[in-house]
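Dear colleague,

I am handing over the structure below, together with some notes on what was found in it.

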Amino acid sequence: MTSVSEAPKRGSLGLFDVSPWIAILPATLLTFLFSGYAPIFNNNIYHLPIMLESWNLPQFQDDAFIQSLRNFSSGFWLLFSGVGHYIAPRVFLTVWLGVTHLAFLAAGLHFAGSLGYRNRRQLNLFVLLFAVSSMTVGLTVGGGGLMLSNFSHSELANATMIFGLSFALRRQYGQAAVLTCATFFLNAFMAVWMIAPLLLLAVYQLSAGTLSVSKLLRDGLVGSAVGLIFLLPPLLNIVNNPELAAPLDFSYPEFLWDFYPPHFFLNSVPARELIKLLGLLLILFLSVRFHGRKSMEFQMVALGAVAVIGIGALVPEVTDARLVLNLHLIRGAVMVAILAPLSLALVVSHWLLFPQNTFRKRYALMLAGILIAPIQLSPLAVLVLGYVHIAERRESRPKGRTDRFLHKVAWGFLALCILAVPVRAYKAIRISNDDRQAVEAWGAVGTWARHGTPAQATFLLFPVAEESPEVGFEETSMRGIWFAGKFGAAVMWSPSYYPLWQSRMMAFTRLTTPQQRLQFAQLAEIDYLAMPCDRTVTQEPAHREGPICIYRTSMATGYASRSGGNLP
C-alpha cells in the first residue's frame, strides 16, 4: 500500500501549490454555490428572540415560549444574548454562517493532516472536492445539518467536533479535551456523541503502544481544566434550570413522536433515508482501509460514530428518561455523514495525484465524479470502492483494451458530472432564493404588524405554501405568535410548556379551511389571523401583503394570553 505521505510527481499544477490553509478561503465562498444563502431561516426561530432579549419586553411577559428561551442552554447563545441591540440579527447570522463554513473546511483539512497527508497539492485538491461535494451540504439522516444556507450553532459544533477527533488521532488529548468542551459549549449533546469515538480510539492507541496511560491522563486532565471555561456556562445554565428534574405528567416519548421523531427514533426514519445511511456507512468503511498506517485509527473513530447510532436505536427501548432521550443520538448520524465524504475525498485526491498507480487512478476519476455529482449518484461509490477492494485482493486488474476502455469511460463519466455541477448550483441558489423571498414576505407582514397593531396583539399564522411563516414575522414584528410547530422544542428544556403546545398543536392541525381558521381565531380571541388570501372569505382584510391577507378578528374583546389563551 502506498504511503499517504508519499509525494506525487510534480507537474504543471502551479495553482495547487498554494498553502491549503489559504485555499480554504476561496473554497468557503465556493460552498455557498451549493448550500445557498438564507440569512434568517428555519431554527433561527429560537435564536432571534435570544438576540433581541424579547423576554424582557412587556408584550412577552406571558408568552410561555419566549420566556422558556431563558433556559436555552447553548453557550453560544448565552454569550450573544442581546446582540441584536448592537448589530442587525441577519448581519450577525450571516457573519457566523461564513465562519461555520470556513471552520467546517478547516476541520476537514486538519483531520487530513492527522491521517498523515502532507502534500500541498493533494490537500488543495481534497479541499476543493470536499467543498463542492454534494455529500457535504444540506440535512442528513436524523435531521443533522452539514453546510447549510443559514446559521445554527449546531453546524458550528460540527467543526469543533471534527477538530477534537482530529487532535485525538494525533494523540494530543489535551487539545481534544478542550475541543470537546468547546463542542459542549456550542451544543451539549454533540459533545456526548464524541465520547464513543474518543474512547474506542484511545483504547486502540493504548493497546497498540502508541499512547501511554500517563500521557492520556495528564493531557486529558490539563485539557479538561482549560476547557472548563467552555464547559461551565452552559452547564450552570442547565443545572440552574428550575425544570431540570421536574416530574412529568405526560409521556415524553409520545411528545417526541409528535414533535420531530427522526432526531430520536431510528424506526421513524424513512426507508430511503436508512438506505442513504447504509450507503454512507459502506462508503466510510470501504474507503477507510486506503489511508495507510492510520487506517485502523480512523476505523476506530468510524466505529465510535456507528456506536452512537446503535446506542440511539436501543435507548428508547429501555428508558423514557427525558435527559437521556434529549441526547438526540440518532441525529448523531451526522458524524458518519461528515466522515464518509471526508474519507472519500482524501482517497480520491491521493489516487489522482499518484499516476504510477493507473488502476486506482481510473476509479479515482469515477469517484471524483460521484463526489461532485447530485447526491442521488453517491451509492455508486460503494460499487466502485468495493470493486477496487476485491480486484486488489485478487490481483485481477483489467488490461489491454479493457483498461483503455475503462480509461475513456472514467474520463467521460467525470466530464458529465462536471457538467452537472452548474445545475446543482442553480438548484441550490433557486431554493435558497425561494426561502429568502418567503421570509421577506412574512417580514413585510411583521413590519406592518409592528407599526399598525398594539404591542400586545397576538397573531395566528398560516403559510401560503410550505414555508414557515414564523421566522420572517418574528424578525420584524415584535408581536406574539399564537402557535408554531417548532415551538414544541421548548418542551425539551421547559416541560411545563407541553400542555399548552400540545393543545394548540391539535387545534391548529384541525383548521384546514379559511372559514374554520377565521372562526377559530374569533372564538379563541386571537387578535389577528394571517393566511393566504381567499375569495370565499367575505371579511375585509385589515392589511394585504401580496398573497397574504391579515384579518382583525371581530369577536375578540381583549388580547389572548400567550401562556394560556382561549380554546373553543
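Asparagine 42 is partly exposed, because its relative accessible area is 27%, and please keep in mind here and throughout that this is a predicted model. The residue sits in the loop that runs between H1 and helix H2 (44-51), and although asparagine 42 is not a glycine, its phi is positive, at about 55°. Most residues other than glycine have a negative phi. Histidine 328, which is not a glycine either, also has a positive phi, of about 50°, and it is found in the loop between helix H15 (322-325) and H16. With a relative accessible area of 5%, histidine 328 is buried.

Helix packing

Helix H1 (residues 20-35) and helix H5 (residues 89-114) have axes that come within 9 Å of each other and cross at roughly 125°, and because of that angle H1 counts as oblique to H5. The crossing of these two helices is right-handed. On the H1 side the contact involves Pro20, Trp21, Ile24, Leu25, Ala27, Thr28, Thr31, Phe32 and Ser35, which meet Leu97, Gly98, His101, Leu102, Leu105, Ala106, Leu109 and His110 of H5. Sorted by class, the residues in this contact of H1 with H5 are eleven nonpolar, six polar and no charged.

H5 also packs against H16, at an angle of about 55° and with the two axes 11 Å apart, so that H5 is again described as oblique to H16. This crossing, too, is right-handed. From H5 the contact draws on Phe104, Gly108, Phe111 and Ala112, and from H16 on Ile338, Leu339, Leu342 and Leu346; by class, that gives seven nonpolar, one polar and no charged residues.

H16 (residues 334-352) has a further partner in helix H6 (residues 120-132), for the axes of these helices come within 9 Å and cross at roughly 140°, which means that H6 is oblique to H16. H6 passes H16 in a right-handed crossing. The residues that make the contact are Gln122, Leu125, Phe126, Leu129 and Phe130 in H6, together with Ile338, Pro341, Leu342, Ala345, Leu346, Val348, Ser349, His350 and Leu352 in H16, and they divide into eleven nonpolar, three polar and no charged.

The nonpolar core

How many residues belong to the largest nonpolar core, and which have the most contacts inside it? The core holds 183 residues, and Phe255 and Leu460 are those with the most contacts inside it; H16, with 15 residues, supplies the largest share of this core. When the neighbours within four places in sequence are left aside, leucine 460 is in contact with Trp482, Phe508, Leu511, Phe520, Ala521, Ile526, Tyr528, Leu529 and Ala530.

Individual residues

Serine 35 belongs to helix H1, and because its relative accessibility is 13%, under the 20% limit, it counts as buried. If residues up to four places away in sequence are not counted, serine 35 touches His101, Val137, Met147, Leu148, Ser149 and Ala428.

Proline 495 lies in the loop between strand E2 (480-481) and helix H21 (498-510), where its relative accessibility of 4% makes it count as buried. Not counting residues up to four places away in sequence, proline 495 touches Glu243, Leu248, Phe250, Arg322 and Ala490. Its C-alpha atom is separated by 15 Å from that of tryptophan 257, a residue 238 residues apart from proline 495 along the chain.

Asparagine 433, finally, is found in helix H19 (residues 400-452). Is asparagine 433 buried or partly exposed? Asparagine 433 is partly exposed, with a relative accessible area of 24%.

With kind regards

Technical notes:
Residues numbered from 1 in each chain as written. Predicted model: local features only at pLDDT ≥ 70, side-chain atom pairs only at ≥ 80, totals over all residues. Heavy atoms only, no water. Axes fitted to C-alpha atoms, helices over the stretch in contact; angles between N-to-C directions. Helix = DSSP H or I, 4+ residues; strand = E, 2+ residues; numbered from the N terminus. Parallel < 35°, antiparallel > 145°, perpendicular 65-115°, else oblique. Left-handed = near helix turned anticlockwise from the far one by under 90°. Contact = heavy atoms within 4.5 Å. Nonpolar A, V, L, I, M, F, W, Y, C, P; charged D, E, K, R; others polar. Buried < 20%, exposed > 50% of the residue type's maximum accessible area, 1.4 Å probe, protein only. Core = buried A, V, L, I, M, F, W, Y, C linked by side-chain atoms within 4.5 Å.
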